[in-house]
Amino acid sequence: MKSIEHVPTICPYCGCGCGIYLVVKDGNVVGMEPWKDHPVCEGKNCQKGRNAHAFSYSEQRLQRPLIKQNGVFEEASWEHALGLIAEKLQGVDAEAVGFINSAKCTNEDLYVIQKFVRVVKKTNNMDNASRFCHSTTVPALISTVGSGVMTTSTTSIEQADCIFVVGTNLQETYPIIARRVIRAKRKGAKVIVVDPRRTITAKNLADLYLQVYPAADNALVNGMMRIIIDEGLEDKNFIDKKTSGFDDLKDYLTTLDLSEIERTTDISIDAIKETALTYAKAENACILYNAGIAQHGAGIENIRALADLALLTGNYGKPGTGVNPLRGHANGEGFGDMGPLPVFYPGFQKVNEETAKRFEDIWGVKGLPSTPGMTYMDMVENCKVLYIVGANPMLAAPDTNSVRKALQDKDFLVVQDIFMTETAKLADIVLPTATFMEKDGTITGVDRRVQRMNKAVEPAGDTRPDWVIFCELAKMMGYEEQFSFSSPAEIFEEIRTCVPQYKGITYERLRNPHGIQWPCPTEDHPGTEVMFVEKFPTADGLGHFQIADYKPPLELPDEEYPYVFTNGRVVFHFHTGTMTRRTKRLNDELPHGFAEISRADARELAIEEGDEIMLKSRRGEIKTFAKVTDDIRKGLIFMPWHFSECAPNVLTGPSAGPPSKMPEFKFCAVRIEKV
Amino acid sequence: MKGDLYLAWSSDEKIREKGESGGAVTALLKFALASGIVDAVLAVKKRNGNRYDGVLSLMTHPDQVIESAGTLHFATVNVAKEIKEYLNGANDMKMAVTCKPCDCRAIIELAKRGQINIENVILVGLNCTGTLLPAVARRMIRDEYEADPDDVVSEDMDNAKFVIKLADGTTKERELNKLEEKGYGRRENCRRCTINIPRMADMACGAWGTRGKNATFIEVCSPKGSKLIEKAIEAGALIVEPADREAVEERAKKDKEAIELAEAWEKKDLDVLRLLPYNDRLKYWLRYFDRCIKCFGCRDACPICYCQECYLEPERGFVKGGETPPGMMYHLVRLAHVADSCVNCGQCEDVCPMEIPLTKLYYMLNCELSSLFDYIPGMDVSNYPPLTTVTDEELHIEEVNVLRRKQLR
């Protein structure tokens, strides 16, 4: 032993974008140390970040390409596996092939993937979990304020006087953002938490807690706005100068019956009023929301109402304000920015002929696709050939039983991942990839902060970074010239030329631990901490009030399925558990799923803590253990979605129509049986 | 020999220039490595030239040592834990380690627990009146000094002032007390710390007592330290003169002032808690514990915690797994395990994502135990923690708080 090295990198889990130091000794990562000069986390990490180095060393890491023969996976060479894939891709029509990518990939990986799909397969059939996270956010916020991004910075949440936390269990899912809320509170900020579950966030952070009826947030916010206008607390100056459509909204709101809102939300008018006044009277009020708002049939309406609320009170364009969607993935902003989506080329340039033409010039090719491609579930259901990178629809997508059947029916399924996931098991070919510790690249987290991930060790076994695999495939398929990248740095240089928001960002500049928040138009531009300071990125520069009429959820409880089912995350695990369940210290804490049930419901059903129960919906059934609690509304059942053996998405199903096509993960009807 | 007091500086002009106070520490480290007295030097270095981002660096070539020259007030590296965790407890090599008093004390505590082979370690102690967290320092320099944090080329704490020097040669100073009242300045544990001169190390080096001379005041604290210094002098790497009375008095005066300031902070921070009735004390802490997300950061960062199999892990059955906040026993067991040995290094609070003021709790309890058992942790390898050597008589003391309560009356 002659050296230890501290390699700075970014935690691969949620979108906070916390820094960590990987301690490298003799070519192995032997531990994690806090990175105290990191602007986001300042040396503080949650348990996932503290153990982020562990899963790369799991014995279950995929090491070599696998080809399924007679139902059994056998190891193969890269050349052989990629040759087969190239042949299959070559032979399939553009409309019949789909690509699902992931925010576990770096920006460079994703850029190469979308370029491959467009240049080599001439299709826009590609999508990722942003469909499940924020497909409602993007249309809702584009139509109101022009852009679906976090407008403030996580660090400037501290400057808010009121923080409205809705549809997110912040302290468990974004602990490092919760820390900013704690610090804001210390300076006197008032915190409002809206959640049907009295979470650790509600208990610790809330000055006002509203245990709202599930999926009634839109009605609640409309009620708040009505009261704000009745009390004359709207920001008239801001409305005059920076918005349009106020009168229509006002007319709409005056038609609302507050007592009906009281019934819909199950929150008293007095409590709604106190909430409204607390928010409206704050100098800087900041809205933080996530899946509890977005993953609904009426997610777009929920989010429009929030944008209206912020516009109404002038809460845009200053630090510690705005309507801020949180991002579940480390690269949760980047997997939109890079354009691996059916409707956007890189830099949110809309798929159309003009954009396609622009990219034909940039990439030096002809015939790029100019019509929108298929979305996530459409590809799962309809594409004959599916290529999945780093995603796990068997746990992440709604209605697991249908997903399984669809994947089993594929002519050809490729899964590229670090572990044999539930999805990979169904593949014809599995390609093993390098983890975040084993490659260079950039990621862009929740507040548009572009940061470098730094390679600490060599890829395990025969694994390769995602971008390398796609460059190889492109070469095999005759596009060597467009894919002659030799490093992520080189890819990033090309990204800068076609993603306007990234133009001023360079790898050299990103050596600074602070990263750079886009938009960053020039190399001497410091980046943008707060968006919409001067005007909104809409055609007329104004914020547009949109009427957001309350719509009930898609599948309501009835006699047969009398309970409302919802799901979410716990602090010990991440998403489909692929990484955290292979991290001993995290999995030892919580090795199994559970279902939270209210004490009143439990009593009625004679269910006791720890009893095995069966949950059934119209689509499937799962067995799990009851966790009886006073912290959940009567009539509501909650489960974490990290566990494949009791995966909530077996139960979920109904989805919104276009444009979001968002599955209503957070609301469906179930019944409960004691096992 | 032990107790010798020197003013010392490097014979190498380059080191004198780059290092602080005549570069004596850099010269000693380089000599230790070049002469083969140690196999490696472990010191904190700026990463990428960024003085807010200090990382521990293991150097095995004498020419590398100069890269670690200069003082960094914004680096709060967990030296003891890294030696234990990543350098096999110094079992594989002899090393000279630069460390602040709390680092030295943590290393000594780990040595008592068989986790660091102290025979292989030369503790080059550095005087310290506190460090600043990088994030706090950056905010402070931007808001209070109206300067770009990245323009700072050096900083110093002296005469109750925090002084920064900028790239353009200008210096700016602000009163430390005023900064700290606004929430800037040193970490809270550092403010309360009364151990400024690391006499528990093999030598204690610092600027106090040099009276403007470009030299380091060195107190030789052990035969091991004495041997290194004498050899370095002999070899011509280090130039020394005996510290005269004025130098010694100046150093003592500075130390006394710093201790008084720390005692004032201690009183201010802790008397509030000490005056609370017992029931309210527990409530005060439970309110903070309720925030805990059980990240294990405090335990992982604590240089005193070393057990391979920890009581707090779910399989041990004391603290139920998978719950946030964890049961109260999480914090109380940790407290019971390390309070008698806490060296007030502040690492637990540094990493706590939920802003629980852990050092206040641990320091307060450690003060109680220290006075009760007449034991200060981290001073002497052969002096074991009181809770491992507790006597029958001590076991029958009804309230550990009895002494302090008398004082408050």
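## Helix 5 of chain A

Thr137(A), Val138(A), Pro139(A), Ala140(A), Leu141(A) and Thr144(A) are the buried residues of helix 5 of chain A, where buried stands for 20 or more other C-beta atoms within 10 Å of the residue's own, with C-beta atoms placed from the backbone. The helix, spanning residues 137-144, is thus described as mostly covered, with six of its eight residues buried. This is a predicted model, in which local features need pLDDT of at least 70 and side-chain atom pairs count only at pLDDT 80 or more, while totals for chains, interfaces and linings use all residues. Residues are numbered from 1 along each chain as its sequence is written, and chains are lettered from A and ligands numbered from 1 in the order in which they are written.

The cover over the buried residues of helix 5 of chain A includes helix 4 (130-134), helix 14 (291-294), helix 15 (299-312), strand 13 (323-325) and strand 22 (543-544) of chain A; helices (H or I, at least four residues) and strands (E, at least two) are DSSP runs numbered from the N terminus. After helix 5 of chain A comes Gly146(A), which has a positive phi, near 95 degrees.

## Leu386(A) in strand 16

Leu386(A) belongs to strand 16 of chain A, residues 385-389, and counts as buried because it has 27 C-beta neighbours inside 10 Å. When neighbours within four places in sequence are left aside, Leu386(A) is in contact (C-beta atoms, placed from the backbone, within 7 Å) with Gly98(A), Ile100(A), Met379(A), Lys410(A) and Leu413(A).

## Domains of chain A

Chain A is assigned domain 1 (4-53), domain 2 (66-121 + 330-356 + 363-445 + 457-517), domain 3 (134-326) and domain 4 (563-674), with bounds that come from an automatic or database domain assignment. The C-alpha centres of domain 1 and domain 3 of chain A lie 33 Å apart, and the contact between these domains takes nine residues from each of them. On the domain 1 side there are seven nonpolar, one polar and one charged residues, in a scheme that counts Ala, Val, Leu, Ile, Met, Phe, Trp, Tyr, Cys and Pro as nonpolar, Asp, Glu, Lys and Arg as charged, and the others, Gly among them, as polar.

## Domains of chain B

Chain B is divided into domain 1 (5-131 + 186-257) and domain 2 (276-408), whose C-alpha centres lie 29 Å apart. Here 24 residues of domain 1 of chain B are in contact with 21 residues of domain 2 of chain B. Helix 3 (79-86), helix 4 (101-112) and helix 7 (188-192) of chain B are the elements that give two or more residues to the domain 1 side, and helix 4 of chain B contributes the largest share, nine residues. By class, this side has 11 nonpolar, four polar and nine charged residues.

## Contact between the chains

The contact between chain A and chain B takes 37 residues from chain A and 37 residues from chain B. Among the elements that each supply at least two residues of the chain A side are strand 1 (4-10), helix 7 (175-186) and helix 23 (584-589) of chain A, and helix 7 of chain A gives the most, with five residues. The chain A side divides into 14 nonpolar, eight polar and 15 charged residues.

Notes:
A residue is buried if 20 or more other C-beta atoms lie within 10 Å of its own, exposed if 12 or fewer, and partly exposed in between; C-beta atoms are placed from the backbone. Two residues are in contact if their C-beta atoms, placed from the backbone, lie within 7 Å.
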